[in-house]
Amino acid sequence: MNLIYALAIALLTGCGVHMLLSRHVVRIILGVSLLSAAVNLVIFYSGRISSTVPPVIEPGSSALSEAAANPLPQALILTAIVIGFALIAFAAALALQAQRSIGTLDNAGLDVAESLGTPFDGPEKRR
Amino acid sequence: MPLSAILWISFLGSALARPLALRLGQRAGWVLAILPASLFGLLWIAGSGLEGAGAIVEEVAWVPSLGITLDLRLDGFSRLFGLMITGIGTLVTIYAGAYFADKPAHKGASFLALILLFMSAMLGTVLSDSLIGLYVFWELTSLVSFLLIGFDSYKASARKAALQSLIVTAGGGLALFAGILLIGMELGSFSLSNAMQNSAALAASPWCGTIMVLVLLGAFTKSAQVPFHFWLPNAMEAPTPASAYLHSATMVKLGVYLLARFDLAFAQVPAFGTALIVFGGLTVLVASVRALSRTGYKAVLAQSTVSSLGVLVLLIGLEGPVAATATVGFMLAHALYKATLFFCAGTAIHATGRTSLVEINGLRRALPVTAVAAALAAVAMAGLPPTFSFIAKEYLFEAQLESGSGWFALVALVLGSAVFVAIAGIVSLRPFFLGRSREGAVHHGETPGLFLGPAVLATLGLLLGLLPGLAVAPLLGPAASALVGQALPVSPALWHGLTPMLGLSALAVLLGLALYLLWPRLLARLAHLDWLDRLLGDAGYNHAFEGVLALARRCTLVLQNGDQRRYTATVVGATLLVTAVGLVLAAPPLAIDLSLEGLRLAPAVVVGLMVAAGFAATRMRSLPAALVAVGIVGFGSALLFLLNGAPDLAMTQFSVEALLVVILAALLLQLPIRPPSTRSAGERRVDALLAGGFGLVTFAALAAMTAAPLDLRLTEFFAARSYPEAFGRNVVNVILVDFRAIDTLGEIAVVAFAAMAVWGLLARRAKGKEPT
Amino acid sequence: MNSLILSAFSRFLFALMLVVSLYILYRGHNDPGGGFVGGLMAAAGFAILAMADGVQAARRMVRVHPVALMGAGLVLALLSGLPGLVNRGSFLAHWWFHAGDFHSGTALAFDIGVYLAVLGGILALILRFYEEQPEA
């Protein structure tokens, strides 16, 4: 089963990177979303996916049973999911604002900074 | 008085100097000179009890956890330096006050403040016993000298010279720092005196050669030794009082100071002495040739300073106790006459508005006191009796003869001395006593502030020559003793009888006279030799500098071309490369359970769906469709969590996925559904390659991870302690709200920041409407 | 999106999700759940309301400014760590009181802070994304 998981995670990572390389901002955001899903699975995988029992201590016992899943990666992923969501929401807000004020989300058109010129040109060459 | 108090007074005083100078106006130089003068007094008193190689040590803790201190130490050698720094500092302050009298008040005030700060930094350098402290002060002198050299910042040449000196000296400083760290590593302590006493341990260290090269780099850059000799003459762009200070007594001699200190530490490394003799001698020769081919008043003086520094470096490289005496003697003598000559040059340039020696003539009548001082200093520079320099020069030749270090050092010293004689005539006889001053050529006369410094120093040079005992017992004896680490009898006198040294002196003087008489013809020849200038000047530095700039420009134009896809591709490619190389080099065992044992149908189907959706997302032209596909991947991972014992994660992922669709839908509502493709077919192929490579590396990394043993210590800790200590049965939640609660606090703060940012970002647009 | 059915149903759904989210928050210490999930779920409830009735209606239901809600959550989480400083010398070392098999303490306050911060933050996001869209 590990083989299937590792293969799937690798493929999803590749898909995320491919979308990340697009020039359309929305695709990039979707790529980030894919990539963060894949990375969460990497963390999950690193704690070994072997058990189906939730890491909850059973009543009457004071310690987690051996059969339970590894709680450590779960705690890490839980916050990562929420933070990843906040990141994507922020990126989406940037995109929304860019669409409203510039009118395009194609990177080729988002060149307000580049049209200022390079520092190698003298000040007279810059606009 | 503790040594740290002296440093505190110095730094606090220089911090207050600027506002004070602005209030005082014309008298600022005289009043501010009280600071260096009183420091001079304090140092004199503090060190008056020193005998032989004794020292006053004061321990100052700084970063105890790293074993870094700011220990201070005053012995004869650092006291001599401290006295030169503060003594000449006093005169420079007075002179600078007068020099800036006719310039805007804020300029003079800033300059005085910088000079005093510079003095404090140098004082810190020579008083530090901690190598870390020494380095900090050392770099501080580089920084302040950058500001002083570039003081006339409206001049492009001044800015260039300032940058050049900073790059060379601060760069050398970094090398020194590396050397210091290695010393600390090898000897277990950053104490300079400890390093001086542990020469055997240092010589036995495998890093000894590296340390030596690094320390030499630091000292050679600071003291303008070949091949770093080019920056110092360019630094003459500084206002003259700064030149007098930087180049006579002090900053450039810090390199010499460092070498003299490390001479003991490297006592058992013969290469150290050889390197000093070779580079010092080369510097003397190069600077001598260049000094004779210049016409600028300050330029000639600067080249002769480089030559003097070469002499000092060479002297340190020589063996034997006389060399130590000669070093400290020549150091003092040079400080006295070179500062005087710089003062005189400044006054002459100030008076006439001209900088070339060819154009400045017969200033004797207009500047009488300055002329006398210049004459005395010239006699000293030529090494003629009865000045103190004569005594110093006798020692110099004696040290050479005693150590028997070969003809190269001897030739360098005699030639160097001969050129000193010629330069002495060129810079004092010609401008002040020969020829006739042109009518109305003198704009500014001399004022007490302008002639006090040269007069005092020149007189001192003469006085110490007549009564050498005055300098020896309190100053030179302890200084030389500190250098060799044991009490050293020093008994200089003007007349030694007919010795070989006297013969060499006479030879040097005769050669020098000949050079002086031939100078106009020599100048005409040398000044037109472009190849000489290229070979010995800063052409190499300029090429390197231009090359670095060109490289930076090319890199920037390639990497920073304004196309975001290229940035991402660069980052992805670099990450790919680093990870792949790391995996190949580490060659970890790759273990993936190739059998399909433990295969469960439900997760396998979910995984298959996720991959299919992921691929679909990359292929979809329609953005909403791609959003749905990405959403499927998210819900799929939630299902995976649910199927593998992580209900907390599943719930969170489900909620987040729903909210994500809600938010991204708001964005998509304002966009065309099928935006045109942004990538060319070629770019898509490159991207597919990058993405495929990334997937492959991820797979290899996961395989390597599977092979590594799982460290379960933390998991076991949480499993065992969760209920007894935090009274919670859901271990995941207990980790979040209890064991690692501070992390969680930080994470909700990040969520809050993101929300605030979105709130502000999208609110600004609401024109005319009140932001809610 | 002015569907009467959706509008009526959304209020019911909203109330249900809010109650469930509070229950999930509470039970989180011993069973799957907790502040993060609870806050997200409550935010999703408000999102349904906002989709059905519009942003203004959702704003009215919240009564409090979402950013204030978020701030309150952060402050609560921060304050819940202070008692630990007093007697255990460590920030966020929680206090507990026990009644038989029932345990509660400042950890619950911390989790409520997480709940409020997540809820407020995401609410702020959704309201911003859906308010005053241009007519297009």
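**Notes on the two chains**

1. Setting aside neighbours within four places in sequence, B:A377 is in contact with B:Y337, B:T340, B:L341, B:C344, B:S428, B:A458 and B:G461. Do keep in mind, here and below, that this is a predicted model.

2. B:A377 is listed with B:L112, B:I115 and B:L315 as having the most contacts inside the largest nonpolar core, a set of 203 residues. The top contributor to this core is helix 16 of chain B (residues 321-352), which gives 20 residues. Another core lies apart from it and has 145 residues, including A:F85, B:L640, B:V731 and B:V737. As background, nonpolar side chains in soluble globular proteins tend to be buried together.

3. While you are in chain B, have a look at helix 6, residues 131-149. From first C-alpha to last, its 19 residues reach 26 Å, close to the 27 Å expected at 1.5 Å a residue.

4. Now for chain A. Its secondary structure comes to 3 helices and 0 strands, giving the pattern α-α-α along the sequence. The radius of gyration of chain A is 22 Å, well over the 14 Å that the globule rule gives for 127 residues, so chain A is more spread out than a compact globule. Along the principal axes, its C-alpha atoms fill a box of roughly 75 × 30 × 30 Å.

5. Of its 127 residues, 54% count as buried. Among its contacts between residues at least 6 apart in sequence, 45% join residues at least 24 apart.

6. Finally, please look at where the chains meet. How many residues of chain A are in contact with chain B? There are 79, and they are in contact with 88 residues of chain B. On the chain A side, helix 1 (2-20), helix 2 (25-46) and helix 3 (71-102) each supply at least two residues. The largest share comes from helix 3 of chain A, with 24 residues. By type, the residues on this side of chain A divide into 54 nonpolar, 18 polar and 7 charged.

Notes. Residues numbered from 1 in each chain as written. Chains lettered and ligands numbered in written order. Predicted model: local features only at pLDDT ≥ 70, side-chain atom pairs only at ≥ 80, totals over all residues. Contact = placed C-beta atoms within 7 Å. Helix = DSSP H or I, 4+ residues; strand = E, 2+ residues; numbered from the N terminus. Nonpolar A, V, L, I, M, F, W, Y, C, P; charged D, E, K, R; others polar. Expected span 1.5 Å × (residues − 1). Core = buried A, V, L, I, M, F, W, Y, C linked by C-beta atoms within 7 Å. Buried ≥ 20, exposed ≤ 12 C-beta atoms within 10 Å, placed from the backbone. Rg over C-alpha atoms; globule rule 2.2 N^0.38 Å.
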